[in-house]
There are 2 protein chains.
Amino acid sequence: MKIIVDAFGGDYSPRETVLGAIDAVNAKDGLQVVLVGDEKQINNVLEGEKYDASRVEILHAPDVITNEDVPTTAIKTKKDSSLVKGLELLASDDEAAGFVSSGSTGAVLVGAYMKAGRIKGVSRPALAPALPTVKGKPVILCDCGANVDCKPLNLLHFAIMASAFSTALTDNAKPTVGLLSNGAEEKKGNELNKEAFELLKASPYIDFKGNCEARDLLSGDFDVVVSDGFNGNIALKSAEGTANAIFSILLDGINKGGLRAKLGALLLKPVLRGVKCKLDYNNQGGACFLGINKVVVKAHGASKRKSICASVLQAATLAKSGIVEKIKASVQAMDEHDRD
Amino acid sequence: MKIIVDAFGGDYSPRETVLGAIDAVNAKDGLQVVLVGDEKQINNVLEGEKYDASRVEILHAPDVITNEDVPTTAIKTKKDSSLVKGLELLASDDEAAGFVSSGSTGAVLVGAYMKAGRIKGVSRPALAPALPTVKGKPVILCDCGANVDCKPLNLLHFAIMASAFSTALTDNAKPTVGLLSNGAEEKKGNELNKEAFELLKASPYIDFKGNCEARDLLSGDFDVVVSDGFNGNIALKSAEGTANAIFSILLDGINKGGLRAKLGALLLKPVLRGVKCKLDYNNQGGACFLGINKVVVKAHGASKRKSICASVLQAATLAKSGIVEKIKASVQAMDEHDRD
């Protein structure tokens with residue numbers, strides 16, 4: 001199993017990215033990684049690290065695409081960037097099963113689309129993170145930002161792709177699907193949602209359970225929640241912002257709470273750290289860019305070693321699950337069903 | 001200052017609703033309330049309570065509109081319900097400055113619109129809660145659910161109305177306005193947002209500061225955040241759900257964390273309770289239904305005494321601030337400006 005890792009582009013690249021990739025190699029037998037980026041800098045990080053050198057390759061790429069670059073232009077012109085070189089290798093090397101980058105989201109999406117291509121029949125590839133839930137198992141939110149304006153059919157494709165993602169992560173063959181809406185009742189929703197609801201309900205390829213209020217996103221009641229990329233992004237970021245706000249208000253309370261509060265916080269530290277860790281979806285790996293011909297995982301820009309390692313292992317798990325072939329088969333079956 | 005209170009419809013009505021209204025009367029000199037609902041049941045709750053009886057009236061209404069009722073039908077047919085009787089009094093009594101209900105949101109919105117009427121020039125009335133932020137001051141989110149499909153002009157009206165709400169609550173004459181979007185950059189957004197952005201940017205009637213990522217909703221960086229009702233609802237509910245998830249995971253961690261964690265939690269209890277209280281936006285009052293000819297506050301369905309009291313006091317504050325007249329003046333000035 002060969003996973004290509006963009007060693008540059010993230011906030012803590014190349015150091016944390018390279019170390020995270022090495023951790024993944026050490027954690028998983030048979031896993032090979034190709035580190036793409038400035039060879040000298042990558043070697044500097046690798047120096048003194050222990051790992052099976054036969055499973056780590058370097059592909060030299062002197063240039064980097066940053067968040068300041070315009071994605072489409074950058075993919076076309078920065079031919080020596082780690083992102084472009086990595087994605088070209090992903091597309092051309094039959095052994096390469098997946099790709100991980102913590103670089104600019106826009107550039108990763110555009111690049112993956114242009115270089116590795118869209119699965120035939122998928123109307124729109126979509127970005128899907130696996131979020132933690134109260135019940136422990138993850139929920140796949142799809143789309144969380146790749147497609148701001150969507151049509152109903154796009155949402156059905158998101159449901160099919162995210163269900164395959166959920167199955168790959170949890171071994172649950174029949175993940176439940178919810179449609180993100182402004183209420184749980186069937187009649188709730190904006191125009192897009194009402195049409196998408198009918199399409200999802202009629203589809204034999206997913207286990208649709210109706211509307212999911214944003215309040216229930218992290219409840220664990222659904223395995224997959226689909227949405228257009230605009231709303232999905234708002235749900236995701238609102239959850240992130242609220243978690244940050246709570247920890248910030250809590251910290252302020254502890255600081256102002258005198259000795260009693262400080263002692264309490266000290267005793268409760270392992271639990272509080274556990275809550276934070278459980279909520280940090282980056283620990284579970286990156287967001288999967290579903291609908292592309294190879295597995296593409298977008299790790300958070302601020303990913304550190306642990307998060308990169310989780311993303312590389314996630315890419316390997318997804319590739320091993322045959323997610324691309326499963327999505328292809330479902331979309332094809334759907335097409336044939338519609339033609340009949 | 002006379003505020004009409006729908007004593008029925010909420011989950012804890014009439015007891016908590018009546019007691020909350022009485023608390024408000026006791027807290028604020030000169031405040032009068034009219035309790036609308038079954039006279040006998042209301043009197044039962046009032047028995048033994050201490051309050052200035054000259055400032056508490058009862059308007060008998062034997063019927064109740066529930067969440068199971070279809071709003072439009074219920075407003076038309078349940079003429080003896082506390083909601084309809086209360087709203088009719090609001091519309092007909094010149095002294096009545098505001099109305100509070102913890103009943104069915106849909107019925108309150110439809111009823112307020114039909115009975116008290118829309119402010120001339122306001123394209124769509126909108127529901128706006130005041131949410132807590134990290135910085136302490138509230139942020140007004142408008143719309144959070146009254147209008148699922150919106151046009152750009154609606155969002156400008158939301159900004160004008162919510163700015164008046166913010167000023168009434170904080171005395172800040174120039175509240176900052178953000179547009180809820182999938183990124184902070186100017187070019188981010190779906191089709192509606194991109195058009196609304198230009199309209200908000202060009203308006204001399206608000207202090208527009210650009211796009212607000214959902215992550216920054218509770219940061220305190222904006223005084224007002226506008227959105228269509230679908231997205232606003234998702235941002236609000238996602239925040240609620242995340243807060244619930246965090247407290248649930250925390251509780252689970254404490255339960256499983258042995259003696260150390262339990263002792264820590266005990267010591268930290270006042271701080272944790274403070275965080276929960278600060279985050280519970282119901283403590284700050286209900287959501288204001290902006291754009292109606294009188295002040296209408298929708299308290300949470302699960303409102304208890306404290307939350308009802310806060311909602312009644314909020315309605316009085318808003319009425320005193322002359323928010324309806326201010327919105328009227330702004331919308332009229334805008335109309336004249338556009339005609340020039």
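I take contact to mean heavy atoms within 4.5 Å, and I take helices (H or I, at least four residues) and strands (E, at least two) as DSSP runs, numbered from the N terminus.

Conventions. I am working on a predicted model, in which local features need pLDDT of at least 70 and side-chain atom pairs count only at pLDDT 80 or more, while totals for chains, interfaces and linings use all residues. Residues are numbered from 1 along each chain as its sequence is written, chains are lettered from A and ligands numbered from 1 in the order in which they are written, and side-chain values use heavy atoms, with hydrogens and water left out.

Helix 1 of chain A. I looked up its span and found 18 Å from first to last C-alpha for the 13 residues 15–27, close to the expected 18 Å, where the expectation is 1.5 Å times one less than the number of residues. Among its buried residues (under 20% relative accessible area; exposed is over 50%, partly exposed in between; 1.4 Å probe, protein chains only) I noted A:Val18, A:Leu19 and A:Ile22. The buried residues of this helix pack against strands 1 (2–6), 2 (32–37) and 3 (56–60) and against helices 2 (39–46) and 10 (305–320) of chain A.

Helix 9 of chain B. Its 22 residues, 258–279, would span 32 Å if straight, but I find only 28 Å between the end C-alpha atoms. A kink of about 60 degrees lies at B:Leu268, shortly before B:Pro270; the bend is the angle between axes fitted to the seven residues ending at a residue and the seven starting there. B:Leu268 is itself buried, as are B:Gly264 and B:Val271, among others. The buried residues of this helix pack against helices 8 (229–256) and 9 (258–279) of chain A and helix 8 (229–256) of chain B.

Interface. I find 48 residues of chain A in contact with 48 of chain B, and 100% of the interface residues of chain A are also interface residues in chain B, so the copies meet through the same surface. The count of salt bridges between the chains is four, each a side-chain nitrogen of Lys or Arg within 4 Å of a carboxyl oxygen of Asp or Glu. B:Arg215 forms a salt bridge with A:Glu240, with the closest N and O atoms 3.2 Å apart.
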